[in-house]
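Dear colleague,

Please find below the structure that I am handing over to you. My findings follow it.

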Amino acid sequence: MHKIAVVGRGVVGQRVSRRLPTVLADVVVVDHDPRVGPELPSDVDVVVLAHGGPHADVAQWILERGVPVVSVGDELGDVRTLVDL
């Protein structure tokens, strides 16, 4: 069983949360809001960043904990920073 945390409850985050179980047979989606509780569940396999605003700082924090990150950000400066991580 794979556990995927989705950060962001907007249109993109909700769509990702609904779509993942339809394309992956063995997945649990966890809604995670770092503003509410900064710590990720310890058994998360990957985090999808789908929140508004820059993703680089949050991605770096998550990567430092050994968890892979997928970002749906599209702001060029932020994407360049993400690539450098």
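I begin with the salt bridges, a term used here for a side-chain nitrogen of Lys or Arg within 4 Å of a carboxyl oxygen of Asp or Glu. By this rule there are 2 salt bridges in what is a predicted model, where local features need pLDDT of at least 70, side-chain atom pairs count only at pLDDT 80 or more, and totals for chains, interfaces and linings use all residues. Residues are numbered from 1 along each chain as its sequence is written, and side-chain values use heavy atoms, with hydrogens and water left out.

Helices (H or I, at least four residues) and strands (E, at least two) are DSSP runs, numbered from the N terminus. Lys3 is partly exposed at 22% relative accessibility, and Asp43 is partly exposed at 43%; buried means under 20% relative accessible area, exposed over 50%, and partly exposed in between (1.4 Å probe, protein chains only). Glu64 and Arg65 form a salt bridge whose closest N and O atoms are 4.0 Å apart. Here Glu64 is exposed, with a relative accessible area of 54%, while Arg65 counts as partly exposed at 42%.

Turning to the overall fold, the protein chain contains 3 helices and 4 strands, in the order β-α-β-β-α-β-α from the N terminus. Its radius of gyration is 12 Å, close to the 12 Å that the globule rule gives for 85 residues, so the chain is as compact as a globular protein of that length. This radius is taken over C-alpha atoms, and the globule rule is 2.2 Å times the number of residues to the power 0.38. The C-alpha trace spans about 35 × 25 × 25 Å along its principal axes. Of the 85 residues, 32% count as buried. Among contacts (heavy atoms within 4.5 Å) with a separation of 6 or more, 47% are between residues 24 or more positions apart.

As to the interior, a nonpolar core is a set of buried Ala, Val, Leu, Ile, Met, Phe, Trp, Tyr and Cys residues joined through side-chain atoms within 4.5 Å. The largest such core has 11 residues: Ala5, Val7, Leu40, Val44, Val47, Leu49, Ala56, Ala59, Ile62, Val67 and Leu82. Strand 1 (2-7), strand 3 and helix 2 each supply at least two residues of this core, and helix 2 gives the largest share, 3 residues. A second, separate core of 7 residues includes Ile4, Val6, Val16 and Val48. Beyond its neighbours within four places in sequence, Ile62 is in contact with Leu40, Val47, Leu49, Val67 and Val69.

Finally, I draw your attention to His55, in the loop between strand 3 (46-49) and helix 2 (56-63). His55 is buried, with a relative accessible area of 1%. Its side chain makes a polar contact of 2.6 Å with that of Ser71; such a contact is a pair of N or O atoms within 3.5 Å, where within protein one must be able to donate a hydrogen and the other to accept it, and residues adjacent in sequence count only if both atoms are side-chain atoms. Neighbours within four places in sequence aside, His55 is in contact with Leu49, Ala50, Ser71, Val72, Gly73, Asp78 and Leu82.

With kind regards
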